[in-house]
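Visitor: I am new to this structure and would like to go through it with you. Could you show it to me?

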Amino acid sequence: MKVLVLGSGGREYSLCWKIRQSPLLKKLYTLPKNTSFSTISENIDIDILDFDSILSFVDKNSIDIVIVGPELPLAKGIADKLRASGKIVFGPGLKGSVLESSKQVAKEFMFRNYIPTANFHIFYDFDYAVEYIKKTDK
C-alpha cells in the first residue's frame, strides 16, 4: 500500500511512525517539506494548499490512501477534492471539518442539537461585548 500523509507536525509524525510498522506498507510519502520527516518517509516539497499539485502527485504515484492531519487543508476542502477524483481519504470533508475550524459553527451546532457546552455569545460590536462582559457574573 502506498500512503501519503499531509502535514508536518507531531501528530503527523506519530501517524507516520505507526504506519511504517505495517507489513502492508510499500511506500510512505509526506508533504509539505520538513527535514524531520525525511528519516521516516519520502518527503515531498508541495505546498499543503496546492490541491491541484497534490492530486497530480497522488495520481502519478498511485497513492492508495491520503491521510490529512492539519485543519487548514481540511477546512479548505482537500478531502472533498480528492474524493471527487475517486481517491480514498482519511479526514473529514468540508462540512465536517467546519465544526473544528469554526468555533462559532461548532457552538451553534451544539446548541441546536442539545449537546452540552459552555455558555457562549457572539459579538460583532466591540463596545457591546465590553458592556456584556461587565454585566456578566464572574
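Visitor: Which residue is the bridge partner of Val 66 in strand 5?
Guide: The partner of Val 66 in strand 5 is Val 89. This is a predicted model, in which local features need pLDDT of at least 70 and side-chain atom pairs count only at pLDDT 80 or more, while totals for chains, interfaces and linings use all residues. Residues are numbered from 1 along each chain as its sequence is written, and side-chain values use heavy atoms, with hydrogens and water left out.

Visitor: How many bridges are there between strand 4 and strand 5?
Guide: Two bridges link strand 4 to strand 5 (residues 89–90), in the parallel sense. Two strands are said to pair if DSSP finds at least two bridges between them. Helices (H or I, at least four residues) and strands (E, at least two) are DSSP runs, numbered from the N terminus.

Visitor: And which strand does strand 1 join?
Guide: Strand 1 (residues 2–6) is joined by four bridges to strand 4 (residues 65–68), and the two run parallel. Within strand 4, Ile 67 is opposite Val 5.

Visitor: What is the order of the strands in the sheet?
Guide: The order is 3-2-1-4-5, in an open sheet of five strands with parallel pairing. Strand 3 (42–43) and strand 5 are at the edges with a single partner strand each, so one side of each has no neighbour in the sheet.

Visitor: Changing topic: where is Gly 69, and is it buried or exposed?
Guide: Gly 69 lies in the loop between strand 4 and helix 3 (71–75). Its relative accessibility is 12%, so Gly 69 counts as buried. Buried means under 20% relative accessible area, exposed over 50%, and partly exposed in between (1.4 Å probe, protein chains only).

Visitor: Which residues is Gly 69 in contact with?
Guide: Apart from neighbours within four places in sequence, Gly 69 is in contact with Leu 6, Arg 11, Glu 12 and Leu 74. Contact here means heavy atoms within 4.5 Å. The C-alpha atoms of Gly 69 and Gly 10 are separated by 9.8 Å, although these residues are 59 residues apart along the chain.

Visitor: What is there to note about the backbone?
Guide: Most residues other than glycine have a negative phi, and most peptide bonds are trans. The peptide bond from Leu 31 to Pro 32, however, is cis, with omega near 5 degrees. Pro 32 belongs to the loop between strand 2 (27–31) and strand 3.

Visitor: Which residues other than glycine have a positive phi?
Guide: Among them are Ser 62, with a phi of about 50 degrees, and Tyr 114, with a phi near 55 degrees. Ser 62 is in the loop between helix 2 (51–60) and strand 4, and Ser 62 is partly exposed at a relative accessible area of 48%. Tyr 114 is in the loop between helix 6 (103–112) and helix 7 (126–135), and Tyr 114 counts as exposed at 75% relative accessibility.

Visitor: Finally, what are the dimensions of the C-alpha trace?
Guide: Along its principal axes, the C-alpha trace of the protein chain spans about 60 × 30 × 25 Å. Of the 138 residues, 33% count as buried.
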